[in-house]
Amino acid sequence: MLMLLCVHASATDDSINELLKQALQGDLSSQYTLGYLYHSGDNVHRDINLAISWYQKAALAGHQKAAHILGTIYDFGREVQEDNPRAVKWYRAAAAQGDPEAQTSLGKMYYNGEGLNQSDTKAFAWWSVASAQGFEPAKRLIRDIGVIISQRYIDEATEAAEACRLANYENCKF
């Protein structure tokens, strides 16, 4: 009910109230959109806590982009305190749904040991999964960092990435 009052106090458009009604009824797209509006301050008072709340509702119900944005919010710590374990959690949720940007970010977290144990193999595997979808930043990372990583890790990562891709990103073992 508190969220309803916050939107009514700031809204200049009936469509935002309709969006809130749909979001409260469980509509993922509306939940994500409200997260975006509160995140950007577009037609509502900017409020990162409400943005995160709406993004979480959508992400927990399977909204890939909401999960990815939560990962980014916690990864970079510009709007909230940096929280690498939370970033990993949300990147992993989006990566498991095939999001190549989240897969690349999760690879970066593994490579740098941010929020989990450092692993060149797991980093390279996630970048390989994203690269297989044509994601150029992942392709560049493989090209640039592949020179540094030993061939044994590359072979293990490539094998794990292929198994993950063939399983439609479910139960990736890295």
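Tutor: Let us begin with a definition: two residues are in contact when heavy atoms of theirs lie within 4.5 Å. The model before you is predicted, so local features need pLDDT of at least 70 and side-chain atom pairs count only at pLDDT 80 or more, while totals for chains, interfaces and linings use all residues. Residues are numbered from 1 along each chain as its sequence is written, and side-chain values use heavy atoms, with hydrogens and water left out.

Student: Which residues is Tyr55 in contact with, leaving aside its neighbours within four places in sequence?

Tutor: Tyr55 is in contact with Tyr32, Gly35, Tyr36, His39, Ala66, Ile69, Leu70 and Ile73.

Student: Which elements make up the protein chain?

Tutor: Helices (H or I, at least four residues) and strands (E, at least two) are DSSP runs, numbered from the N terminus. Here the protein chain has ten helices and zero strands. Among its contacts between residues at least 6 apart in sequence, 47% join residues at least 24 apart.

Student: How many of the residues count as buried?

Tutor: A residue is buried under 20% relative accessible area, exposed over 50%, and partly exposed in between (1.4 Å probe, protein chains only). By this rule, 43% of the 174 residues of the protein chain count as buried.

Student: Which residues of the largest nonpolar core touch the most other members?

Tutor: A nonpolar core is a set of buried Ala, Val, Leu, Ile, Met, Phe, Trp, Tyr and Cys residues joined through side-chain atoms within 4.5 Å. The largest one here has 49 residues, of which Leu34, Tyr55 and Trp126 touch the most other members. Helices supplying at least two residues each include α2 (14–24), α3 (28–40), α4 (48–60) and α5 (64–76). The greatest contribution comes from α4, with eight residues.

Student: Is Ile73 buried or exposed?

Tutor: Ile73, whose place is in helix α5, counts as buried because its relative accessibility is 4%. Not counting residues up to four places away in sequence, Ile73 touches His39, Ile48, Ile52, Tyr55, Arg78, Glu79 and Val80. Ile73 and Ala87 are 14 residues apart in sequence, and their C-alpha atoms are 7.4 Å apart in space.

Student: What is the relative accessible area of Phe76?

Tutor: Phe76 also lies in helix α5, and its value is 42%, so Phe76 is partly exposed. Leaving aside neighbours within four places in sequence, Phe76 is in contact with Glu82 and Tyr91.

Student: Where does His63 lie?

Tutor: His63 lies in the loop between α4 and α5. With a relative accessible area of 17%, His63 is buried. A polar atom of the His63 side chain lies 3.1 Å from the backbone nitrogen of Ala66. Leaving aside neighbours within four places in sequence, His63 is in contact with Leu28, Tyr32, Ala58 and Gln97.

Student: At what angle do the axes of α8 and α9 cross?

Tutor: Axes are lines fitted to C-alpha atoms, for helices over the stretch in contact, and angles run from 0 to 180 degrees between N-to-C directions. The axes of α8 and α9 (residues 136–145) come within 8 Å and cross at roughly 135°. Angles under 35 degrees count as roughly parallel, over 145 as roughly antiparallel, 65 to 115 as roughly perpendicular and the rest as oblique. The two helices α8 and α9 are therefore oblique to each other. Residues making the contact include Phe124 and Trp127 of α8 and Leu141 and Ile145 of α9.

How values were computed. A polar contact is a pair of N or O atoms within 3.5 Å; within protein, one must be able to donate a hydrogen and the other to accept it, and residues adjacent in sequence count only if both atoms are side-chain atoms.
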